[in-house]
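Subject: Structure handover

Hi,

Here is the structure I promised to pass on. Please open it and keep it beside you while you read my notes.

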Amino acid sequence: MEPIRKISSKTVVLPYSDIDTDQIIPARFLTTTSKTGLGQHAFSNWRYNADGSAKSDFILNQPAAQGCQILVAGNNFGCGSSREHAPWALLDCGFRAVISTEIADIFRSNSLKNGLLPIVIDKDNHTWLMSNPGVQLEINLETNSLSLPNGKVVTFSIEGFARYCLLNGVDELGYILKQLDTIKQFEQAHA
Amino acid sequence: MTAKTLFEKVWERHEVVAETADTPAILYIDLHLVHEVTSPQAFSLLREQNLKVRRTDRTLATMDHSTPTDAAEIAGRVPIKVKSAAQQIQQLEKNCTEFGVELLNLHSSQRGIVHVIGPELGATQPGKTIVCGDSHTATHGAFGALAFGIGTTEVGHVLATQCLLQRRPKTLAINVNGKLPAGVTAKDLILAIIGKIGVAGGTGQVIEYRGSAIEALSMDGRMTVCNMSIEAGARAGMIAPDDVTFEYLKGRPKAPQGAAWDKAVAEWRNLRTDSGAKFDREVHINGSELVPMITYGTHPGMVIPINGSVPNQPNDAVFMKSLAYMGLQPGEQLLNKPIQVVFIGSCTNARLSDLELAAQVMKGKRVASGVRALVVPGSQAIKRDAEKLGLDKIFLDAGAEWRESGCSMCIGMNGDTVASGQYAVSTSNRNFEGRQGAGSRTLLASPATAAAAAIRGCVTDPRELLN
């Protein structure tokens, strides 16, 4: 994975709480055996009419959303199923970070493994971001901070080891594989 | 010695490397369950990196999510309706053959929903760490296992190393005392719990369900409760194993046998939270005050007593959007609301006792005209057991459909779907927008409530039909 240090982009705001992974990528698109090409189906039920035409009033179909890499959403983003297709779909749409006041456990873990930053911030700054869609943000993973256009700097925390892996492009599987001797010893001791 | 919770005992027994401030724990996984939807990309990763499945003896695969429930499709007499699903099923066959993983395929008599067959085969055991690329893996916690859902990248990690990198979660005790009244099931209990703590109430935590009302549950009921831990956001749900657990497991094909069984039971008896052990948080519920529950919204926390009315939160735009999707008004009663579909199935409620309860309600009656009722057993073994008891005949005589096992209409990947705008009373676990098909409107409830709705054609208090 490529190291991630900074993300600079305008935001897209999805003003709903409890956005579950069935909204991010409906189950009918999970019959794929690949990770690619899921972006076209992201938020499919909100984004398209039954005839497949785009719903013009949905934010992701509007010109302002094009090219945005930061998604701001309501509390408890990514709840529901363990499908890693959810971060794959968001990344394929061009998103590189999601900001909320709470992010569901499995979605957060899946996102970190794919280079999508799950960023949890305090309620006041989140409320400000929710009510000011399209603002330019800079996310700095080296300093764990988010710079708002009003000059405010908001800090966030990402689990230390996952952050180290993201900053340095380290593969977690490679890290576990280096411990194989210890794993074998554990197995022998617990056989 | 320090007093420990059940979770702490299981966790500490599986730390290959303990966590530090800088690094998560390396946690050993005893059992890895695999299914067709969340594994293909993980097997691809193994191929790319020239890795093997490290412990095929600790890996068990089945197919359930996208599989047909129609006997003709399974037998190959007609093509599988969803082509991409058929390809995914073939891919799992290919991956399991290539990597030497035991697979209970479409034609296996032991096939079923992954969270039904693990316990049924005795592969799920107290004290084990169990993972699967599926959030309802929490089900296995009913046996005192630490069981949780993982993503596909982690499926790859476990296939390659039998380990996972994990930060230690916090603990939450949910104490349920009292006795559940007649007509109130484990499903009603877990819906009430989610209603109380909220859909993110368990985030970052492992729940231990405790108390007399939990101890009084059968293994089927305990699995229903633990299954929906994820719907409260929790990593896992656990229940301390006891004689009910041991009785269930004894003699199952993958359970220890003979002297090994006695030794295992002696160890399993220690898997209880020590008196004086501290949880990070505790919640108390009086089980004797509960009533049948039903959801009205688009997440499982939007739940009311069956005879209650839809709340009003006019200033909450998200809440009002959810009601608009559901076609419901604030203050409206759900009782007597006409419904079009009933689904009795899923890893939450498709075990034999669930089907028996539904059959008890439906026996000698007819499904209301205009209602489609689909009964999908959790496994082929449950299907056979139900048929031995004549339950299939009760359902078929009532005008319901009796299918082969699988996830079916809980997730709708195989074409078993609810049409846009239709109301479905479903024994499954998620009422998210579009979960059972684009535009579907799901009302989650117990098998008794679902069966009662099928008979009356509208939302019904099941206690009216249960004698």
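Where in chain B is the place of Phe148(B)? Phe148(B) sits in strand β7 of chain B. Before more on that, some ground rules. This is a predicted model, so local features need pLDDT of at least 70 and side-chain atom pairs count only at pLDDT 80 or more, while totals for chains, interfaces and linings use all residues. Residues are numbered from 1 along each chain as its sequence is written, and chains are lettered from A and ligands numbered from 1 in the order in which they are written.

Phe148(B) counts as buried because it has 28 C-beta neighbours inside 10 Å. Buried means 20 or more other C-beta atoms within 10 Å of its own, exposed means 12 or fewer, and partly exposed is in between; C-beta atoms are placed from the backbone. Leaving aside neighbours within four places in sequence, Phe148(B) is in contact with Val131(B), Thr137(B), Ala138(B), Arg235(B) and Ala236(B). Contact means that the C-beta atoms of two residues, placed from the backbone, lie within 7 Å. Phe148(B) and Ala234(B) are 86 residues apart in sequence, but 9.1 Å apart in space, C-alpha to C-alpha.

Strand β7 belongs to an open sheet of five strands in chain B, in the order β5-β4-β3-β6-β7, with parallel pairing. Strands (E, at least two residues) and helices (H or I, at least four) are DSSP runs, numbered from the N terminus. Two strands pair if DSSP finds at least two bridges between them. The edge strands of chain B are β5 (102-104) and β7 (146-149), each pairing on one side only. Inside the sheet, β3 (31-34) and β4 (59-62) of chain B pair over three bridges. Val34(B) has Ala61(B) as its bridge partner in β4(B).

**A buried helix in chain A**

Helix α3 (85-92) of chain A is largely enclosed by the rest of the structure, because seven of its eight residues are buried. Among them are Trp88(A) and Leu91(A). Their cover includes α1 (21-24), β2 (70-73) and α4 (105-112) of chain A. Just after α3(A), Gly94(A) takes a positive phi of about 105°.

**Two positive phi values**

Most residues other than glycine have a negative phi. Asn144(A) has a positive phi near 50°. Asn144(A) lies in the loop between β5 (136-140) and β6 (145-147) of chain A. Ser408(B) also has a positive phi near 50°. Its loop runs between β17 (401-402) and β18 (423-426) of chain B.

Is each one buried or partly exposed? Asn144(A) is partly exposed, with 14 C-beta neighbours inside 10 Å. Ser408(B) is buried, with 30.
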